[in-house]
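Here is a short briefing on one protein chain. Look over the sequence and the model first, then read the points by topic.

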Amino acid sequence: MGKITGFLEYERKDGPVVSEEERLKNFLEFHGRLTQEEQQEQAARCMDCGVPFCQAGMMIAGMASGCPLHNLVPEINDLVYRGDLGKAFERLSMTHSFPEFTSRVCPALCENACTCGLHQESVATKENEKSVIEYAFENGLVKEIAPENRTGKKVAVVGSGPSGLAAAQLLNRRGHLVTVFERSDRVGGLLRYGIPNMKLDKSVIDRRVKLMEEAGIKFVVNTDVCGDGSHGINDKADNKVSAKELMKEYDAVILACGASNPRDIKAPGRDAEGIYFAVDFLGRVTKSLLDSSFGILEKPDVKAFPYSEVKGKDVIVIGGGDTGNDCVGTSIRLGAKSVTQLEMMPCPPSERLDSNPWPEWPRVLKTDYGQEESIYKFGHDPRIYQTTVKQFIKDEKGKLSAVEIISLKPERDEKTGRMNMVPVEGSEKTLPAQLVLIAAGFLGSESYVTEGFGVEVDGRTNVKTEPGHHAAEIKKDNKSKSTDKAKIYTAGDMHRGQSLVVWAIAEGRSAAREVDRDMMGYTNL
């Protein structure tokens, strides 16, 4: 490192953030960037530690520590410090497909494993990464490689989320003919319709997809593979394609459809009008904005906001995590009367416990942008811990009017030894609610796809493969396997279960290497 004493000379400084008062008026990204000189100082804090857990991407105590992509973090930080952002982009591109996505939405596993963070604040690696990729775009350095020669091999990728896009990118660079199928009306998967605009402006996706198209990747949207056209954000997809059709036309098929089967809340009154799954809600809001003039004006048309979804309503968000937080921030922007967020688990500690040492992932309390905005707007944190819904209450017209909640307490199961959260009798309370958003996570892949392709699934309904591989196991009773030539692979959340964008990208890149090796006998990806 060129500035080995930088961590002693400079304090951490993050980019400017738009105030809650201003950012609640729109759905624009609200995290700004430091000047290049300020970013160089932040990169100088990378301390030549000699033990760069930041790039390890290893599992410790069942959780990831460091970047799963194994980005060359110290090298990149050093180049940012020296002001050579072009070279930094070259090094970043060796391991990363889409830094513009992770530098906006990743919880920064690299920073949470940073050696500097053991006694001080960690190095601002995520913002360093954003400065590199945005500099590269601004200076025309980002290119998608259009191969000079094609192999003649054809690959179908089902799903255009981060794993599907990453797999398509590498396979196209290798010279294979890649077609990406997406059931929604626009490319991006979870990036498009699961993450709100204020975290990831959709123009960021569009500029990358445009480059990929120019390099030869074909995107087919509004196409429900194995389905009847009713799945996804659209009311009705225009086209339907069977598994048999894809397997006959392509040499390999990669299933990258995500863990899109949401976990439900089975409580009395669940059929009340006004209860939605969180991702469905977030997707509808984003689609409304994209279908309006919001996406093409420098100053968004506030009248285009889909206020009817939320305005004047008491909103209950069931579940924490990123999706729950996104529902809080979105609801406030759309004029919610109140927002309450229910979390089943106890409130995490404000600092690491002795049982959770560095470089493990820190299991500590995090107050994200949605909670910050709720505190600003309503004067309090929206979260209520150790609580769940006991029943949904309907009015005479069948519409949701309130929820009855009940407190929970941890209790160890004598037979299994597991700690469970059990109801506390007599702790029931009733809260007004006209809109409930269920953000309780996902159960795995959707059965209509896995059954359509005849692949085995595990106990969590993720597509089953050999450990460390991506080739799907085929059901023994699948009659089509002997007549259809394509080999089926899987990647991303459909393979590992609900996870992070950075893991999805890593999965897509790994699957691409396996597909290439199987088709060509070797791989140089």
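D78 is buried, with a relative accessible area of 14%; buried means under 20% relative accessible area, exposed over 50%, and partly exposed in between (1.4 Å probe, protein chains only). D78 forms a salt bridge with R82, with the closest N and O atoms 3.0 Å apart. A salt bridge here is a side-chain nitrogen of Lys or Arg within 4 Å of a carboxyl oxygen of Asp or Glu. R82 is exposed, at a relative accessible area of 52%.

This is a predicted model: local features need pLDDT of at least 70, side-chain atom pairs count only at pLDDT 80 or more, and totals for chains, interfaces and linings use all residues. Residues are numbered from 1 along each chain as its sequence is written, and side-chain values use heavy atoms, with hydrogens and water left out.

**Salt bridges**

- Side chains of opposite charge can pair when their charged atoms come close.
- The whole structure holds 37 salt bridges.
- Shared partners join R23, R333, E372 and E373 into one network of salt bridges.
- K3 and E9 meet through their side chains in a salt bridge, at 3.2 Å from N to O.
- K3 is partly exposed, at 21% relative accessibility. E9 is also partly exposed, with a relative accessible area of 43%.
- E111 and R12 form another salt bridge, their closest N and O atoms being 3.0 Å apart.
- That pair links distant parts of the chain, 99 residues apart: E111 sits in helix α7 (residues 109-112), and R12 in the loop between α1 (6-9) and α2 (20-23). Helices (H or I, at least four residues) and strands (E, at least two) are DSSP runs, numbered from the N terminus.
- E111 counts as buried, at 10% relative accessibility.

**The sheet and its helices**

- Strands of a sheet pair through backbone hydrogen bonds, either parallel or antiparallel.
- An open sheet is formed by 5 strands in the order β5-β4-β3-β8-β20, and the pairing is parallel. Two strands pair if DSSP finds at least two bridges between them.
- β5 (218-220) and β20 (487-490) are the edge strands, and each pairs on one side only.
- Neighbouring strands of this sheet are turned by 20 degrees against each other on average, direction ignored. Axes are lines fitted to C-alpha atoms, for helices over the stretch in contact, and angles run from 0 to 180 degrees between N-to-C directions.
- β8 and β20 run parallel and are joined by 4 bridges. V253 stands opposite I488 in β20.
- α9 packs on the sheet and touches β3, β4, β5 and β8. The direction of α9 makes about 165 degrees with that of β4. Contact means heavy atoms within 4.5 Å.
- α18 lies across β3, β8 and β20, running at about 160 degrees to β20.

**Nonpolar cores**

- In soluble globular proteins, nonpolar side chains tend to be buried together.
- A nonpolar core is a set of buried Ala, Val, Leu, Ile, Met, Phe, Trp, Tyr and Cys residues joined through side-chain atoms within 4.5 Å.
- The largest nonpolar core has 42 residues; V155, L191, L200, F219, I254 and V515 touch the most other members.
- Elements that each supply at least two residues of this core include β3 (154-158), α9 (162-174), β4 (177-181), β8 (252-255) and α18 (501-520).
- α18 gives the largest share of this core, 9 residues.
- Another core lies apart, with 23 residues, among them F27, C327, A336 and L437.
- Leaving aside neighbours within four places in sequence, L191 is in contact with F101, P162, L165, L200, K202, I205 and V501.

- T95 lies in the loop between α5 (85-93) and α6. T95 is buried, at 15% relative accessibility.
- Leaving aside neighbours within four places in sequence, T95 contacts L69, H70, N71, L72 and R509.
- E309 is in the loop between α13 (278-291) and β11 (314-318). E309 is buried too, with a relative accessible area of 16%.

**Cysteines**

- The structure has 0 disulfides, a disulfide being a pair of cysteine sulfur atoms within 2.5 Å.
- C54 is in no disulfide, and the nearest cysteine sulfur, that of C46, is 6.1 Å away. C54 is buried, at 9% relative accessibility.
- C347 is in no disulfide either, with the nearest cysteine sulfur, that of C327, 20 Å away. C347 is partly exposed, at a relative accessible area of 41%.
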